[in-house]
Structures are given as structure tokens and as C-alpha cells.
2 protein chains.
Amino acid sequence: MRESEIVELLRQVATGGAARGLADDAAVWSPPLGRELVLTHDIVAAGVHYLPGDDPSDIAWKLVAVNLSDLAAKGAVPAGVLLGLSLGDEDEAWLRRFAGGLHRVLSDHGTALWGGDTVRSGGQASLGCTAVGHVLPGSALARAGGRDGDLLFVTGTIGDAGLGLAARRGEAPGDAYLERRYRLPMPRLGFGKRLAESGAHAAMDVSDGLLIDAARMAAASGLAAEIDCKAVPLSQAAAARLPAGDTGRLAAARAGDDYEILLAAPAQAEAALRAAAATDALPLTRIGRLRLGAGLCVLGTEGRAIDPGPLGYEH
Amino acid sequence: MRESEIVELLRQVATGGAARGLADDAAVWSPPLGRELVLTHDIVAAGVHYLPGDDPSDIAWKLVAVNLSDLAAKGAVPAGVLLGLSLGDEDEAWLRRFAGGLHRVLSDHGTALWGGDTVRSGGQASLGCTAVGHVLPGSALARAGGRDGDLLFVTGTIGDAGLGLAARRGEAPGDAYLERRYRLPMPRLGFGKRLAESGAHAAMDVSDGLLIDAARMAAASGLAAEIDCKAVPLSQAAAARLPAGDTGRLAAARAGDDYEILLAAPAQAEAALRAAAATDALPLTRIGRLRLGAGLCVLGTEGRAIDPGPLGYEH
């Protein structure tokens, strides 16, 4: 497929006015009055973030969803995306399924395709997405907002996607639930929108592993993080597959691709945060706290600090 | 260099508040009140848009400049960019020079680095840039705005970059001016800002070749374009290198990478447009017109339609 044919395919997804039918040099969009904008750009690359044999529809979902997950962690309402598709030898069938997945993830999250660019690089595909959303001024939480004594919470369950990836690689038996968690991350936009008003101080999405991302939040906040290993929330499917005790929960907390929200909040915000999560039937688990100091401390079942080993996916 | 070290390097460029020190999941930016946003994303890929041996500082310039050129054609004031860098085996020296070029092109155009993502894809580099700017509501010109009888104008000179590329490929003797035009395109932001108030109906930047881009503007406007071959503006350096007459000017008008602005405007707007271009000491040349019909017609020196051959760079 030539670039013009790919644009024709994407035009069927880009039906909003801002996209100008993908027939102009740029998108033109009126931002909602009195809102701040939140902008993020993440790349999803073949062989790094997805397997070459993955369903192109799922790849499109993941490309957009990981960007919307960043918006969710800032409490933003998504508005539109621009895509930069650097393609290898993907054929027409691949591109049609990709466009289908794109339509699905965008319409499921009320987000428009505004524009972008496509090149044939010849190598492995590298897919970029810029997502733009908006928040009430001053309400976008930062990683750096954590305060001494804040409790750490995480949404959903941890480690599913890592186990799903292992299953898809043939390193473990197949499991539809775990593989779905790897293929189709769900940006926590509903909960994210209620984060700031619920009294949270800091938030980020968990993409490289709970431990390493908690360490990053602590570092950005100039504090130390303490994680209670036995509190790391596991799905039934993950618990059935992981070793019992600290070993299994550490493995889950080191795995990437969760796309859950990690947040720091004072104890008095806990009830409001639980109510906000319950609105979406989303589990919310207290997993530790921030305190004066630096670095990450993992407490084992005995209540003593244990060596967590490598923390997660280091780029 | 690991991703974290590359981010550290880019952090020195991303000094504005919206970037949050590149330490958060997303940028947070307050758009100017009462303005519409213009958003574009273009990729610059190794082996396609630049030569692997090109100076990384120039590559960074080009990556940002071609995106700012799209903003210029819409009359937008640039605000910030997000970068998606999919890298091959570029080393630290390469990345340092790239960051230097980035700083230069952004500071020269009053534009901030807001964020982005970096991956090591292993193949050839593919560099994406999302540029965000703003305009008075309703003032962003489209390709589709041309009207029957509008005159076509183009800024600057045409064909220089194509000749510069040939020189850099060793297909022609070196020429500092022409190669510079290939390496360091200048987004026509100053002129672009004055386009709408000067009475232009349609505008776009010339990136794939004057003829093909004029054909695209005509098609988007539902009209035919007529280009007067002898009017295609050449620099002295290009004129010295190209065959005389229609052949040379056709070659210039088929070459890509000009990043000049092509615009359609009624005859009564000509004086205001010339004044707007003169403010930047930018040549503005009338090269043809739009009329009822479809397609592109090139008039030769005899005043008769000639066969232009392939129009330009088709993706």
C-alpha cells in the first residue's frame, strides 16, 4: 500500500472536524475554554513493545491505550491523537486490521484521530502516538507531588501483563485472561478524572513495573518509598501461576505493561479514593507509603526489608 | 547511551515549565486564551529524508523545521513540540550533536521541547515530531480554500534543496548555498502569520515538489491549477546549474524539500501579500492561478500547455 492509500484508510477513522479529512497540513482544534492541556507521546515498537505476530488490531489498541494511560494518570480527559507510523513491510491486510483497532480504541474512549504521518522505513515498525487531553487548571498531578507520610495505592492487579507476555511467547501455558491483559491494556481514565478532587498528591501510570515506577515517584518527590510485598494485588489467574509468598509477588511487581495507576495520598483521602475507584468497580489497594529518605524499601511477609533484586524494565 | 541518559541530554533543552523537567508522564500547558490550536506530526527517516552521514545537528534542525513549516503554512505561532525518537545504533557523539541542533532550531523559533519518547529499534532511525501552535479562531488557512480565479504565489526560490541533495549525494559538484537549503530549511513563520490578514484563501507548504503540491491544493479546492513554467522562481545558484528554459524550471518544480509557502489569493490581495513578504525580505512570486476544472496544467514559454512529466515526490 502506498502512503496515499494508507491515508485513505485512516481517513475513515478521522471523521472529526479537527482532522480536516486528513487532507490538510495540520489539524485545527479549539481547546475547551479555561482548561489546561496535557500532552504525551509514547512509541510502541515491533520486537520491543509487541511481538511481530500480534494481531494488528491489538497493536493499534495498545499504541493508543498506553498514551491514554498517561493522560489518565494526570486526570485528563482525552481529546485527540496524532500518529507517526514508521512501517516495515506490513501489507494491506495488516493495515486494515490496524485501522479497525484504531477505530475501536478511539471510539471506546471518546478520542479523535487528528492527523499524523506515515513512512516506509523498511525496517521493523515503530509506531508513535501523541495524545492530547485537558484538565482543570492546576489539577494535573505530577510524579513529584508525593509528601512524607503519604500512603501508596495502586489500581487493579499487578503482574498480569507480564505473565500474559510469557504465555504468548510460549514460555508458559496459554491463559486468555492474562494474555488479554497484555494485549489490551485499559487506560484508567474514569478513575484518573476523580483523582485530584479525591485528595491525591501524586500519580503516574505503572508501565515498567510497580517497583521501579514506585522508586521513580519517590525519587521525583525527594522521598523514599516503602512497599509492603504481601499487599501487591494479584489476580486469581496470576496467583495461580506465581510461586506463593514474597517470591511470586516480587515477580509480579517487577513485570511491566500493567498500565494501572500508582498514587500517593494522605490517609485522610483514602475513603474518597476508594469511593472514586468503586464508581468504576476498580480495585484499589494500599501497597505502602512514602517517607523521608531516598530509594525503595520492600518489606517481606516477616515485616523486614528484603532484597527485591532488579526492580523492573530499565530502558 | 541508555534511554535515561538520552532523556538527561534532552532535559537540558526542555527548560520550559510545560515539560515538567521531562520527569513526568506528560507535559502540562495552558494554551493562550481565545486561540485555536494547530497540530501537526511529520516523520524524518534515515535513508528517506536524510542521508545517514548527515550532521546530526542538521537532522534535528530539519526534523523540527519541517513541522514548523506546516504550522507556518496555517499561519500559526509555534508553542511546543514532542519528539518520538526511534533510534538505531546512533552513539553518544551523535546524540549530543542532535541535542545541540534541537536547542538551536527551537530557540531560533521561540518553541519549547515539551516531551516525547525514545526507543532503540535497532534498525535505521525514524524521528517523529509533533508541533503545536496557535492561531486566531477561524484564521488557519486550508489547502481547500482556493477559489476560481485566485492567483497562485510561492515564497522564496524553488528547486534549491533538490539540487543540494544531488550535490550531497555526489551526483553534482558541491555548492554551499544549495546544500544549506537542503540541510537547513527555514520555516516561513513570519510571513505565515500575516497570510490570513493579507487576504489569502488557501495555503500549504511545498514539501514534495511545487507541481505536485499545487495539484494537491487545486484538487482539495475542487479546481484546476495552471502553472506558468517561466515564472517558477530560481536562485542564482540553481539557475547556474539547471538547463535553460522550461526543462530546468520543470526540474526545479518537481524537486522536493523546498519548504516554501504556496498560496492562493484573489488579485486584490496581491499588494498586501507583497508587503507581508517584504517585511521578511522574502521573495514572493506569482506563478499561476486556479480555475474551474480539475488537474494541473503547466504553460511553457510559448504560452502553450506542456507535458510536465512526473509531478514530484509521490509517497
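## A buried phenylalanine in chain A

Let's start inside helix α6 of chain A, which covers residues 189-195 and is where A:Phe191 lies. Keep in mind as you look around that this is a predicted model. Is A:Phe191 buried or exposed? With a relative accessible area of 1%, A:Phe191 is buried, because anything under 20% gets that label.

## A buried tyrosine in chain B

Now hop over to chain B and find B:Tyr182 in helix α5, residues 176-183. B:Tyr182 is buried too, with a relative accessible area of 4%. Its contacts, not counting residues up to four places away in sequence, are B:His49, B:Tyr50, B:Leu51, B:Asp54, B:Lys62, B:Ala161, B:Gly164, B:Leu165, B:Arg168 and B:Asp257.

How far apart are B:Tyr182 and B:Ala161 in sequence and in space? They sit 21 residues apart in sequence and 4.0 Å apart in space, going from C-alpha to C-alpha.

## Two helix pairs

To describe two packed helices, you give the angle between their axes and the distance between the axes. Among the residues making the contact are A:Trp61 and A:Leu63 from α2(A), along with A:Phe98 and A:Leu102 from α3(A). Sorted by class, the contact residues come out as 12 nonpolar, 2 polar and 4 charged.

In chain B, look at α1 (residues 3-11) and α3 (residues 92-108), whose axes come within 9 Å and cross at roughly 30 degrees. So α1(B) runs roughly parallel to α3(B). This crossing is right-handed. Here B:Ile6, B:Leu9 and B:Leu10 of α1(B) meet B:Leu95, B:Arg96, B:Ala99 and B:Leu102 of α3(B). By class, that contact has 6 nonpolar residues, 1 charged residue and no polar ones.

## Two loop residues with positive phi

Next, a pair of backbone angles. A:Ala281 is not a glycine, but its phi is positive, near 55 degrees. You'll find A:Ala281 in the loop between α10 (270-279) and β10 (284-291) of chain A, and A:Ala281 is exposed, with a relative accessible area of 68%.

B:Arg20 isn't a glycine either, and has a positive phi of about 50 degrees. B:Arg20 is in the loop between α1 and β1 (27-29) of chain B. How exposed is B:Arg20? B:Arg20 is partly exposed, at a relative accessible area of 25%.

## How the two chains are related

Finally, zoom out. Two copies of a chain are related by a rotation about an axis and a shift along it. Here, a rotation of 180 degrees with 0.0 Å of shift along its axis superposes chain A on chain B, with an RMSD of 0.0 Å. The two copies are therefore related as by a two-fold rotation axis. Which C-alpha of chain A is nearest the axis? That of A:Gly123, 2.8 Å from it.

The interface fits in here too: 100% of the interface residues of chain A are also interface residues in chain B, so the copies meet through the same surface.

Technical notes: Residues numbered from 1 in each chain as written. Chains lettered and ligands numbered in written order. Predicted model: local features only at pLDDT ≥ 70, side-chain atom pairs only at ≥ 80, totals over all residues. Heavy atoms only, no water. Axes fitted to C-alpha atoms, helices over the stretch in contact; angles between N-to-C directions. Helix = DSSP H or I, 4+ residues; strand = E, 2+ residues; numbered from the N terminus. Parallel < 35°, antiparallel > 145°, perpendicular 65-115°, else oblique. Left-handed = near helix turned anticlockwise from the far one by under 90°. Contact = heavy atoms within 4.5 Å. Nonpolar A, V, L, I, M, F, W, Y, C, P; charged D, E, K, R; others polar. Buried < 20%, exposed > 50% of the residue type's maximum accessible area, 1.4 Å probe, protein only. Least-squares fit on C-alpha atoms with pLDDT ≥ 70 in both.
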